[in-house]
Amino acid sequence: RPPAGCRRRHSFYCCGSSVVVVNYYLVINNMKKSSYVPKAMNLASHQWHWLEDMASKYKLSSTSKAMRCCINCVALGDAQMESDGGCCGCNNTITKEVELSTEQLAWVEGQYNQCDDDNNDDSTLSIEQKVVSACMKLDEYTVFGIIRCKSSVAKCEGAQEAVENIQQQFSVEKDEVVTKENIDICAKNCGCE
């Protein structure tokens, strides 16, 4: 049986009076083109460590996926950003690149626009730092145990995989997994339009 993502191919060679069949595997690139856009984010080192820990703990594909979960959690109102960010205010920050959807990028930019318009945010923390801080204060289930899907779980392979992971991680039955389908994080008055 060929390894995942590969197809078995056969080559036939004549060696004197016998035929030799050589099996080899052709790697098939089934990966969809990423619909995510890279964005440099400056977070406190403990926030990056938390995102990495959560990605590992909840079997997420990457730290980017953990950040996308946090943005969706806050954007849909399941977590609230504080004006001071609720962070320790440490200066030990690190810039790394994450991949966000265009909707998530628009939401983040909309938050910056609202802060500029409101002109009452004295915080030196970035929107991204505030998002992660808000999620760090919540129970992990609210951030990583609720499926927030742009389409429907039935149509989304990633969401179906998430249901299985959540069942294992939180010891819940399939019908107990909380899902929010057909989400639109820019539907709320977030300033991104």
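**View 1. Order of the elements along the chain.** From the N terminus, the chain runs β-β-β-α-α-β-α-α-α-β-α-β. That gives six helices and six strands. Helices (H or I, at least four residues) and strands (E, at least two) are DSSP runs, numbered from the N terminus. This is a predicted model: local features need pLDDT of at least 70, side-chain atom pairs count only at pLDDT 80 or more, and totals for chains, interfaces and linings use all residues. Residues are numbered from 1 along each chain as its sequence is written, and side-chain values use heavy atoms, with hydrogens and water left out.

View 2. Take the contacts (heavy atoms within 4.5 Å) between residues at least 6 apart in sequence: 70% join residues at least 24 apart.

**View 3. Helix H1 against helix H4.** H1 covers residues 45-57 and H4 covers residues 127-137. Their axes (lines fitted to C-alpha atoms over the stretch in contact) come within 11 Å. They cross at roughly 55 degrees, with angles running from 0 to 180 degrees between N-to-C directions. H1 and H4 are therefore oblique to each other. Oblique is what remains once angles under 35 degrees count as roughly parallel, over 145 as roughly antiparallel and 65 to 115 as roughly perpendicular. H1 contributes His46, Gln47, Trp50 and Leu51 to the contact. H4 contributes Gln129, Val132, Ser133, Cys135 and Met136. By class, the contact has five nonpolar, four polar and no charged residues. Here Ala, Val, Leu, Ile, Met, Phe, Trp, Tyr, Cys and Pro count as nonpolar, Asp, Glu, Lys and Arg as charged, and the others, Gly among them, as polar.

**View 4. Helix H1 against helix H2.** H2 spans residues 63-75. The axes of H1 and H2 lie 8 Å apart, at an angle of about 100 degrees. That makes H1 roughly perpendicular to H2. On the H1 side, the contact is made by Trp48, Trp50, Leu51, Glu52 and Ala55. On the H2 side are Thr63, Ala66, Met67 and Cys70. This contact has seven nonpolar, one polar and one charged residues.

**View 5. Ser152 in its loop.** Ser152 sits in the loop between strand S5 (147-148) and helix H6 (157-170). Ser152 is buried, with a relative accessible area of 15%. Leaving aside residues up to four places away in sequence, Ser152 touches Glu181 and Asn182. Glu181 is 29 residues from Ser152 along the chain, yet their C-alpha atoms are separated by 5.1 Å.

How values were computed:
Buried < 20%, exposed > 50% of the residue type's maximum accessible area, 1.4 Å probe, protein only.
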